[in-house]
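Please examine the sequence and the structure shown below.

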Amino acid sequence: TGKALSFDGANDYVDHGAINPQSGVWSFLATIKSSDTTTASVISNPIFTRDNYYVVFGVNSGKLAAAYYNGGWVTQTFSDDIVSNDSYNRISYEYDVTNETCKGYLNGVLLSSITFNPESILDFNRIGSASADKLNGVLSNLQIWQADLTDSDYLFDYNNPNLLAID
C-alpha cells in the first residue's frame, strides 16, 4: 500500500502480458484518482484495455463505462453516478464472458449490469491507455481475478484497501 502509478494523460501506460478471458467470470478492480473524468470520448480515462483498442473499461463523461468495437463503437455507462475528479474512487468491473454481461461497481456498490458482447477476440494487455485516450491521474491497488466475486466481496474490497478482495 502507499504506492501508485502516475499517468500524465499524454503518453504514460503500462503494457503487461495478455490476460485472455475467453470463458468464465473475470473481475478487474483498481483505485483511481483522475484530474479529468469529464472528458467525453469513447473512453476518456481507460483503465483496462486491449492495445488495438477493441475493448475498454474506464471512465467516460464522469461515469463508469465499458466500450467495445463491433464495426462501430458501443459505449455503455453503468449509471448516472459520477466518478469524482481529484478524489479516490474504487472502480470494479465483473465481466462474465460466457453470459456476455458486465457489472460495474463504484466504491463497493453495484451500479448495474449491462449486456457486453464484443465480437473481437478479447484480451487485456494495457493499463492506462487506449489508442489516443490516456488516463490522467493515479492508479493503485490493482487486482485482476478469474473469479465470480459476490457483492459483499466488492464492498469488503472497498472498505479494506490493504487486503485482497478475496481475503
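This is a predicted model: local features need pLDDT of at least 70, side-chain atom pairs count only at pLDDT 80 or more; totals for chains, interfaces and linings use all residues.

The strands concerned, S5 and S6, are antiparallel and are paired over 6 bridges. Together S5 and S6 make a hairpin with 2 residues between them, and in the turn Ser61 has a positive phi of about 50 degrees.

On its other hairpin, S6 is joined with S7. Here Tyr69 has Trp73, in S7, as its bridge partner, and the antiparallel pairing of S6 with strand S7 (residues 73-77) extends over 5 bridges. The hairpin of S6 and S7 has 3 residues between the strands, with Gly71 in the turn at a positive phi of about 80 degrees.

An open sheet provides the next part of the picture. This sheet has 6 strands in the order S1-S14-S3-S8-S9-S10, with antiparallel pairing. Its edge strands are strand S1 (5-8) and S10, each of which pairs on one side only. On average, and with direction ignored, neighbouring strands of this sheet are turned by 25 degrees against each other. In general, the strands of a sheet pair through backbone hydrogen bonds, in either a parallel or an antiparallel manner.

S3 and S8 run antiparallel and are joined by 8 bridges, with Phe28 standing opposite Tyr93 in S8. S8 and S9 also run antiparallel, and 6 bridges join them. Between these two strands, Tyr95 has Cys102 in S9 as its bridge partner, while Ser92 stands opposite Tyr105 in S9. The hairpin of S8 and S9 has 4 residues between the strands, and Glu100 there takes a positive phi near 55 degrees.

How many residues of S8 are buried? The count is 8 of the 8, so S8 is largely enclosed by the rest of the structure. The burial applies to both sides of the strand: Asn89, Ile91, Tyr93 and Tyr95 point one way from S8, Arg90, Ser92, Glu94 and Asp96 point the other way, and all are buried. Helix H1 lies across S3, S8, S9, S10 and strand S14 (136-145), and runs at about 155 degrees to S8.

The nonpolar side chains may now be considered. In soluble globular proteins, nonpolar side chains tend to be buried together. In this model, the largest nonpolar core has 26 residues, of which Phe57, Phe78, Tyr93, Cys102, Phe116 and Leu139 touch the most other members. Two or more residues of this core come from each of strand S3 (25-34), strand S5 (55-60), strand S6 (63-69), strand S8 (89-96), strand S9 (101-106) and strand S10 (109-115). The most is given by S3, with 4 residues. A second, separate core has 5 residues, among them Leu29, Leu149, Tyr154 and Ala165.

In the pair of Phe57 and Phe116, the ring centres are 5.5 Å apart and the planes lie at 45 degrees, so the pair is tilted. This pair links distant parts of the chain, with Phe57 in strand S5 and Phe116 in the loop between S10 and strand S11 (124-127), 59 residues apart. The rings of Tyr105 and Tyr154 have centres 3.8 Å apart and planes at 15 degrees, so this pair is stacked. Tyr105 in strand S9 and Tyr154 in helix H1 (residues 151-159) are 49 residues apart, and their pair also links distant parts of the chain. Both Tyr105 and Tyr154 are buried.

Finally, one aromatic cluster is formed by Phe28, Phe57, Phe78, Tyr93, Tyr95 and Phe116.

Notes:
Residues are numbered from 1 along each chain as its sequence is written. Side-chain values use heavy atoms; hydrogens and water are left out. A nonpolar core is a set of buried Ala, Val, Leu, Ile, Met, Phe, Trp, Tyr and Cys residues joined through side-chain atoms within 4.5 Å. Buried means under 20% relative accessible area, exposed over 50%, partly exposed in between (1.4 Å probe, protein chains only). Two strands pair if DSSP finds at least two bridges between them. Rings of Phe, Tyr and Trp (its six-membered ring) pair if their centres lie within 6.5 Å; planes under 30 degrees apart count as stacked, over 60 as edge-to-face and the rest as tilted. Axes are lines fitted to C-alpha atoms, for helices over the stretch in contact, and angles run from 0 to 180 degrees between N-to-C directions. Contact means heavy atoms within 4.5 Å.
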